[in-house]
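Colleague: I am new to this one. Please walk me through its pockets and its core.

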Amino acid sequence: MQQLNMQNEFKLIIDGQSCLGEQGELDIINPATGTVAASCAKASVAQVNQAIAAAKQAFKSWQRCPHEERKNILNKIADGIEKHAETLAELVVLEQGKPLALAQMEVQGAIGWTRYTASLDLPVDVLEDSEQKRIERQYQPLGVVASITPWNWPLMIAVWHIMPALRAGNVVINKPSEFTPLATLKLCEIIQQEVPAGVISIVVGDGEIGEALSTHPDIKKVVFTGSTKTGQHIMSGSVKTLKHLTLELGGNDAGIVLPDSDLDQIAQRIFNVAFLNAGQTCAALKRLYVHESQYDALAQKLAEIANAQILGDGMASETTFGPVQNQMQYQKVKALIADAITQGAKALSGDQALPEQGYFIAPTILTGLDETCRVVQEEQFGPVLPILKYTSIDDAIARANASEFGLGGSIWSSDLKAAQFYAAQLECGTVWINTHAEIVPHAPFGGWKMSGVGAEFGMEGLMENTIGQTLHINKV
């Protein structure tokens, strides 16, 4: 990893060229140590405008690139990700903090999603085919797409944004989180080797860069994954030019455990989906409702699993649990836990020794609290799980739905028929039964309410990168 720490190793890509940032360099912090791990180029607004101009020019020919050729290019990109899998995983650990095994899973997911997207064919819907007339509904690319990606799954989410856009014939400018740009810079370097200049660009910077990108009149679509507040800001900025939007925003996912559940079967699974990536996952289980007959028993099982975790640097083989990614989020999660305990909640876990450096919070199981606590009301996005007691399943459903968010939810039960009945009552874009936060490339994923606009993945996700065009052909 020593070579990754070199100055100027991580450059922008604009119009097919690697370049330095006109705003100097950005220090990238390793969250496991709290120290600077690398530096990367920091873009100026002028460079954003340069990237957009180059993308707009590149779109003229890229949109006419045959579908089969674009599919082949995506498969070559997947080959490149596979070739550089070790470096990409290590970069994710370095900048994001997750254990190496999880980073390797992220890289494999990036490969799988890219290959799946390459396999998709855009449809031509035949609406009429009579002796006199044929009417088709065709789907055309939009143009220049702005992709703004977060710090929790930096490589995977960049792939989710970029690959469908390219497959549909768009050109893409990505702005990664300023906390985690390294793996995405490497990804775009891999993509650039397979596409014409201007088809992919990457600019790194703070909110000013994101603002310049997302509000530019030549940007035809913005795809954003991140907080609801930022998503609302992007939506408001899109009004003047009526940009297309795909927004995957915050979540406060509820899971409901029905009283017939086998706790020995589900405890480890619940822990895994609540604390995936140290809880820093949009669709992680964030509130757990448990029937009063099983409340204490399940809470204790989850606490035992939490207390068994080994916190440390993601590159260490013994590490099972990484840090919170940045200091701001670390302080927020600590404050939420402290507030809950002040209000009478009990922490059943979280006492293990922590590394002296870095943004580490032990996985924390909270009991004895209700909906009034901030840790229940807000999206924690960190290693804490509040467990709430219920008596009536109808009451649990109502409490689960009493949130401004609607990303995902889950029902846990040995009775699949009952689970499906209650699953249909949850107000969220995805409902899982006996699992949670499980996403696959062929199943659309998106939020209701304040959790987003539109969907990603599958044919529906690909179509969000197109605009419909109706073709009338008079035969006589």
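Modeller: Start with domains: their bounds come from an automatic or database domain assignment. This is a predicted model, in which local features need pLDDT of at least 70, side-chain atom pairs count only at pLDDT 80 or more, and totals for chains, interfaces and linings use all residues. Residues are numbered from 1 along each chain as its sequence is written, and side-chain values use heavy atoms, leaving out hydrogens and water.

Colleague: Where does the largest pocket lie?

Modeller: A pocket is an open set of points on a 1 Å grid over the protein atoms alone, where a 1.4 Å probe fits, with protein on both sides within 12 Å along at least five of seven lines; lining residues have an atom within 4 Å of a point. Residues of both domains line the largest pocket, so it lies between domain 1 (12-249 + 451-472) and domain 2 (254-433).

Colleague: Which element gives the largest share of the lining of the largest pocket?

Modeller: Helices here are DSSP runs of H or I with at least four residues, strands are E runs of at least two, and both are numbered from the N terminus. At least two lining residues each come from α7 (207-215), β10 (219-225), α8 (228-237) and α11 (327-342). The largest share is 5 residues, and it comes from α8.

Colleague: What is the volume of the second largest pocket?

Modeller: A volume is the space filled by probe spheres set on the grid points, which are joined across faces, edges and corners. Of the 22 lining residues, Met105, Trp153, Leu276, Ala437 and Ile439 lie nearest the centre of the second largest pocket. Its volume is about 440 Å³.

Colleague: Is Lys186 buried or exposed?

Modeller: Lys186 sits in helix α6 (residues 182-192). Leaving aside neighbours within four places in sequence, Lys186 is in contact (heavy atoms within 4.5 Å) with His84, Leu88 and Leu91. Buried means under 20% relative accessible area, exposed over 50%, partly exposed in between, with a 1.4 Å probe and protein chains only. Lys186 has 16% relative accessibility, so it counts as buried.
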